[in-house]
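Hi everyone, thanks for making time. Please have a look at the structure on the screen, and I'll walk you through it.

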Amino acid sequence: PDKDFPVGDALAQDTIEPYERFFKSAVQEFGYEDILLINVSKGQVTYSVKKGKDFGANLKVGKYKSSALAEVWRKTIAAKKPTFVDMKPYAADENKPMMFLGAPVYDDGELNSILVFKISGASINKIMQERIGYGKTQEDYLVGSDHLMRSDSVLSPKKHSILSSFANPKANSINTVPVINAFKNKNETGIYKDYNGEDVLCSYSTL
């Protein structure tokens with residue numbers, strides 16, 4: 001079977017070093033949790049800015065072969081175009097919910113690697129929790145098709161955060177009329193019961 005990528009090997013480290021500054025600056029500038037490169041043929045994670053538990057892992061046969069990272073690797077190879085894997089618990093990051101974007105990398109016309117952007121809730125919250133011009137009871141939040149949070153609620157951060165909703169989906173899912181209607185491709189504004197059962201003025205739409 002294929003082995004893990006030898007991340008401690010001197011040759012591997014020399015190969016990676018010239019690209020470190022570029023990828024690290026991209027992570028800092030755009031707020032990604034990590035940027036990774038995965039070899040197409042062997043499924044090895046040959047690069048990671050974060051250098052976490054998944055760095056060097058073999059996604060074909062290793063312990064992360066059923067992870068979302070392996071899923072986006074396989075999905076991008078099959079599609080040969082950018083793909084997306086929605087947020088789900090990721091074992092290499094202590095089961096914190098992560099989402100992944102994959103893009104094919106070609107060398108002389110041949111599919112060589114998959115470039116993956118790992119996105120955490122923290123970077124999403126920076127956008128969704130912008131409060132300029134908002135009153136005390138106003139907030140925006142994202143809900144996935146599984147009715148779990150994709151951003152943290154400002155007004156109910158303990159029960160309706162990304163972590164709490166994934167940790168206890170049955171108790172902390174969002175099953176309000178606006179969410180149900182939004183996934184029926186409706187786009188409306190009106191008075192509805194919120195996740196606390198209170199009447200609120202709500203606008204909703206799909207993304």
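Predicted model: local features only at pLDDT ≥ 70, side-chain atom pairs only at ≥ 80, totals over all residues.

**A walk through the model**

Let's begin with helix 2, residues 20-30, where Glu20, Phe23, Ala26 and Val27 are buried. Looking down the axis of helix 2, you'll find those buried residues within an arc of 140°, so they line one face of the helix.

What do the buried residues of helix 2 pack against? Their partners are helix 1 (10-16), strand 1 (34-39), strand 2 (45-48) and strand 5. After helix 2 comes glycine 31, with a positive phi near 75°.

The chain has seven helices and seven strands. Starting at the N terminus, the order of elements is α-α-β-β-α-β-β-β-α-α-α-α-β-β. The C-alpha trace spans about 60 × 30 × 30 Å along its principal axes, and 45% of the 207 residues count as buried. If you take contacts between residues at least 6 apart in sequence, 39% of them join residues at least 24 apart.

Next, the cores. Which members of the largest nonpolar core touch the most other members? Out of 20 residues, they are Ile38, Leu59, Leu69, Phe100 and Val116. Strand 1, helix 3 (68-79), strand 3, strand 4 and strand 5 are the elements that give two or more residues to this core. Helix 3 gives the most, with five residues.

Leucine 59 deserves a moment of its own. Leaving aside residues up to four places away in sequence, leucine 59 touches Ile38, Gly43, Val45, Tyr64, Lys65, Leu69, Ala70, Trp73 and Arg74.

Is serine 165 buried or exposed? Its relative accessibility is 0%, so serine 165 counts as buried; the cut-off for buried is under 20%. The side chain of serine 165 reaches the backbone oxygen of isoleucine 162 at 3.0 Å. Not counting residues up to four places away in sequence, serine 165 touches Leu148, Met149, Lys159 and Asn172.

Last stop: the largest pocket, with a volume of about 1,100 Å³. It is lined by 34 residues, and the closest to its centre are Asp140, Tyr141, Cys202, Ser203 and Tyr204. Helix 7 (177-182), strand 6 (188-193) and strand 7 (199-204) each supply at least two residues of the lining. Which of the elements gives the most to this lining? That would be strand 7, with five residues.

Definitions and conventions
Residues numbered from 1 in each chain as written. Heavy atoms only, no water. Buried < 20%, exposed > 50% of the residue type's maximum accessible area, 1.4 Å probe, protein only. Polar contact = N/O pair within 3.5 Å; in protein donor to acceptor, adjacent residues only side chain to side chain. Contact = heavy atoms within 4.5 Å. Helix = DSSP H or I, 4+ residues; strand = E, 2+ residues; numbered from the N terminus. Arc of directions from axis to C-beta. Core = buried A, V, L, I, M, F, W, Y, C linked by side-chain atoms within 4.5 Å. 1 Å grid on protein atoms, 1.4 Å probe; cavity = no way out; pocket = protein on both sides within 12 Å on 5 of 7 lines; lining within 4 Å. Points joined across faces, edges and corners; volume = space filled by probe spheres on them.
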